[in-house]
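Me: Let us go through this structure by question and answer. Keep it brisk.

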Amino acid sequence: MKVLIDEGLSTLQQLGGIGYFSLTLWEHVKKYIECDITNYQFLKVLPRVIKRAIYSGLANLEPHKRKYDIIHYQSYYGPHFLGKTKGIVTIHDLG
């Protein structure tokens, strides 16, 4: 099984709740199965609106590009089309 944790741009800012959760989850899961985490650091220099637009496109391409079995999204900006890849979305801070 091949899993991708999509941190949803949360590690581009000062590491906070969602970014820390994403990195910790990745550290634990990769001990047991093949697991990657996204790296959007190249978007850091762009304005927020452009970051979101590029992220949306990348989130829709990722399932097809690398052939993951499961992609775990840490942001509600998940993709519109996953193909055969299963997707999980964690929505943080609902309270």
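Reply: Buried means under 20% relative accessible area, exposed over 50%, and partly exposed in between (1.4 Å probe, protein chains only). This is a predicted model: local features need pLDDT of at least 70, side-chain atom pairs count only at pLDDT 80 or more, and totals for chains, interfaces and linings use all residues. Residues are numbered from 1 along each chain as its sequence is written, and side-chain values use heavy atoms, with hydrogens and water left out.

Me: Is Lys-30 buried, exposed or partly exposed?
Reply: The charged end of Lys-30 sits over the ring of Trp-26, 4.0 Å from its centre. Such a placement requires NZ of Lys or CZ of Arg within 6 Å of the ring centre and within 35 degrees of the ring normal. The relative accessible area of Lys-30 is 37%, so this residue is partly exposed.

Me: Which residue forms a salt bridge with Lys-30?
Reply: A salt bridge needs a side-chain nitrogen of Lys or Arg within 4 Å of a carboxyl oxygen of Asp or Glu. Here the closest N and O atoms are 3.7 Å apart.

Me: How many residues apart are Glu-34 and Lys-2?
Reply: Their side chains meet in a salt bridge, 4.0 Å from N to O. Glu-34 is in strand E2 (residues 34-37) and Lys-2 in strand E1; strands (E, at least two residues) and helices (H or I, at least four) are DSSP runs numbered from the N terminus. The pair links distant parts of the chain, 32 residues apart.

Me: Which side chain of opposite charge is nearest to Glu-7?
Reply: Glu-7 lies in the loop between strand E1 (2-6) and helix H1 (17-29). Glu-7 is buried yet has no salt bridge. Lys and Arg count as positive, Asp and Glu as negative; His and the chain ends are not counted. At 8.4 Å, the nearest opposite charge is on Arg-52.

Me: What is the angle between the planes of Tyr-40 and Tyr-55?
Reply: Rings of Phe, Tyr and Trp (its six-membered ring) pair if their centres lie within 6.5 Å; planes under 30 degrees apart are stacked, over 60 edge-to-face, the rest tilted. Tyr-40 and Tyr-55 are 5.3 Å apart, centre to centre. Tyr-40 lies in the loop between E2 and H2 and Tyr-55 in helix H2, so the pair ties together parts 15 residues apart in sequence. The pair is edge-to-face, at 85°.
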